[in-house]
Amino acid sequence: MSRQDRLSADIDRGFEALENGEFEEAAACLERCTKIDRKHADVITLGAALADAQGDTETAMARYRELTVLHPDDPMPRVCIARLQLHDEGDPDAALETLEGAFEFIDEEDDLIAAVLVRTEALIAIGDMDKAKESLDELSTSAIDDPQVALDLGELALATGDTKRAMEWAELAKGEEELRGDALHLLGFIHEAREDRTAAVAAWQEVRELDAKAPAPKVTMSEDEIERIARETLDELSEEARARLAHVPILIEDVPSVEMVADGEDPRMLGLFEGEPMRPLSGDEGGASMGGVATVIHLYKTNLERTAADLDDLAEQVRITVLHETAHFFGLDEDALTKLGLD
């Protein structure tokens, strides 16, 4: 077998391993390929994709930038850079700037969909909902046949307030068995936005049933440890806030009860403060007035565990959930939570 044949075979094996989540095998293939021709575009692409999948943003960005030089008319490296700028670096403006140079080269439907997804999410992140809706309009006549893409588009459409389009994409995603729970969860929020409480509850009741049959989370933590992290998080609050919450019990439960979901609560919510929230102050003062009484802090263990990549991530999810719910109790709205990074 010639060097070129070995290179082609290892590139194919590397991408196959990457698709299967076999990072060590993909890395071994990449190493062999690099020894043969480190400047080959497909070798650089494999390196970029592997670094991207492993969360090595710096290396992935560098490799994608190499590809923009090698293939200046290929839009996908720019789309990938924009996605990393948005998701990993938290810079939606940079992502939008990067994407400006990609759309002029797009002539494939899949490339258009990928670019529109990133652009729309970036526009939502900067609060430009009108342009976000216009961005999704480019896909109004596209034949979306990938259920995961449909689910992603449905979430973006709902974020822009377009419940009609969100419903269409969510219904498409619902047909995929593995995505049915996620699609129904989204449909619950769509129905809620349409003020159709009966339909929202029906969707979320089915979500709860499906989640109950799902495999146990891969990342788990004891109830005692979750409560310890929650208590430490409450210690971060002001003296006045700590005093108001000092004797409030923290209940660790797997998921919201059947009765709560029947009352319209999200079956996948991570936590809930039960009690009378403090009244927001009037005018520009912000914060909240006295008078609220928290009776119970609920934390939903299984739901929290299913959001986590590892134990450190789970601990941070518990912390953010406690701070999020505490902020609601003290009168902060969703906009204020977003500014604090607690959305």
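Colleague: Which residues of α5 are buried?

Modeller: This is a predicted model, so take the list as computed from predicted coordinates. α5 is mostly covered, with 9 of its 12 residues buried. The elements covering them include α3 (41-53), α4 (57-70), α6 and α7. The buried ones are P77, R78, V79, C80, I81, A82, L84, Q85 and L86.

Colleague: And what distance separates the end C-alpha atoms of α5?

Modeller: α5 has 12 residues, so at 1.5 Å a residue it should span 16 Å. The model agrees with that, as the end C-alpha atoms are apart by 16 Å.

Colleague: Which element gives the most residues to the largest nonpolar core?

Modeller: That core holds 44 residues, and V79, L136, I144, L153, W169 and I190 touch the most other members. Elements giving two or more residues to it are α5 (76-87), α6 (92-100), α7 (109-125), α8 (129-137), α9, α10, α11 and α12. The top contributor, with 10 residues, is α7.

Colleague: What about W169: is it buried or exposed?

Modeller: W169 is found in helix α10. Leaving aside neighbours within four places in sequence, its contacts are L136, L139, I144, A150, L151, L153, G154 and A157. The relative accessible area of W169 is 8%, and the cut-off is under 20%, so W169 counts as buried.

Colleague: How far apart in space are W169 and D152, C-alpha to C-alpha?

Modeller: In sequence, W169 and D152 are 17 residues apart. In space, C-alpha to C-alpha, the distance between them is 8.5 Å.

Colleague: Which residues does I144 touch, not counting those up to four places away in sequence?

Modeller: I144 is one of the residues of the largest nonpolar core that touch the most other members. With residues up to four places away set aside, its partners are I113, V149, A150, L153, W169 and L172.

Colleague: Which helix has the highest mean pLDDT, and which the lowest?

Modeller: Overall, the mean pLDDT of the protein is 89, and 90% of its residues reach 70 or more. Among the elements, the highest mean is 98, for helix α11 (residues 180-193), and the lowest is 47, for helix α18 (residues 334-339). Over residues 336-343 the pLDDT is below 50, though this stretch has 12 contacts in the model beyond near neighbours in sequence. Where pLDDT is low, the predicted coordinates should not be read in detail.

Colleague: OK, back to α11. Which residues of α11 are buried?

Modeller: α11 has 14 residues and reaches 20 Å from its first C-alpha to its last, close to the 20 Å expected. Its buried residues are covered by elements including α9 (147-160), α10 (163-174) and α12 (197-213). Those buried residues are G181, A183, L184, H185, L186, L187, G188, I190 and H191.

Colleague: Now the largest pocket. Which lining residues are the closest to its centre?

Modeller: The largest pocket has a volume of about 1700 Å³. α7, α9, α11, α12, β2 (271-276), α16 (301-307) and α17 (311-329) each supply at least two residues of its lining. Of the 47 lining residues, the closest to the centre are H185, F189, D266, R268 and T307.

Colleague: Last one: what share of the contacts with a separation of 6 or more is between residues 24 or more positions apart?

Modeller: For background, the protein has 18 helices and 3 strands. Buried residues make up 43% of its 343 residues. Among contacts with a separation of 6 or more, the share from residues 24 or more positions apart is 58%.

Note on methods. Residues numbered from 1 in each chain as written. Predicted model: local features only at pLDDT ≥ 70, side-chain atom pairs only at ≥ 80, totals over all residues. Heavy atoms only, no water. pLDDT = per-residue confidence, 0-100. Helix = DSSP H or I, 4+ residues; strand = E, 2+ residues; numbered from the N terminus. Contact = heavy atoms within 4.5 Å. Expected span 1.5 Å × (residues − 1). Buried < 20%, exposed > 50% of the residue type's maximum accessible area, 1.4 Å probe, protein only. Core = buried A, V, L, I, M, F, W, Y, C linked by side-chain atoms within 4.5 Å. 1 Å grid on protein atoms, 1.4 Å probe; cavity = no way out; pocket = protein on both sides within 12 Å on 5 of 7 lines; lining within 4 Å. Points joined across faces, edges and corners; volume = space filled by probe spheres on them.
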